[in-house]
Amino acid sequence: MAKANANAQGGSKYNPRRWAVPTKRAKNYAEERKMKLHARGPKKDQPLTDFEAGMRSGYLQCQTDHAGLYKYKKAIGEGKSKAEARAISQQKGSK
């Protein structure tokens, strides 16, 4: 049933934007950059390349998070409930 509902919305169950507060993600990236090692995943304990260190800065990774957080706060400001605001923030595009 979830699959039918997801397909009706135009995507898979993995399609909705998933966001978190960017500072939480950035904190983990900062720790990896300080250690100059991968802290998790298949490359654990291997050194970071310059490119990977740049990605860990959080700038590129947090763009969708910032958009979701902006939409969430805007919806809350308009008086929507937390559940409605979360649904709005996870929609892709400017709906």
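Buried means under 20% relative accessible area, exposed means over 50%, and partly exposed lies in between (1.4 Å probe, protein chains only). This is a predicted model: local features need pLDDT of at least 70, side-chain atom pairs count only at pLDDT 80 or more, and totals for chains, interfaces and linings use all residues. Residues are numbered from 1 along each chain as its sequence is written, and side-chain values use heavy atoms, with hydrogens and water left out.

**Stop one.** Select Glu32. Glu32 is buried, at 3% relative accessible area. The term requires a side-chain nitrogen of Lys or Arg within 4 Å of a carboxyl oxygen of Asp or Glu. Arg40 is partly exposed, with 45% relative accessibility.

How many salt bridges does a search of the whole structure find? The search finds 2.

**Stop two.** Select Glu52 and Lys43. Their side chains make a salt bridge, also at 2.8 Å, N to O. Glu52 is buried at 13%, whereas Lys43 is partly exposed at 38%.

**Stop three.** Stay on Glu52. Glu52 sits in helix α3, residues 50-55. (Helices are DSSP runs of H or I, at least four residues, numbered from the N terminus.) Which residues does Glu52 contact, leaving aside neighbours within four places in sequence? Select His38, Lys43 and Pro47. Contact means heavy atoms within 4.5 Å.

Key: Helix = DSSP H or I, 4+ residues; strand = E, 2+ residues; numbered from the N terminus.
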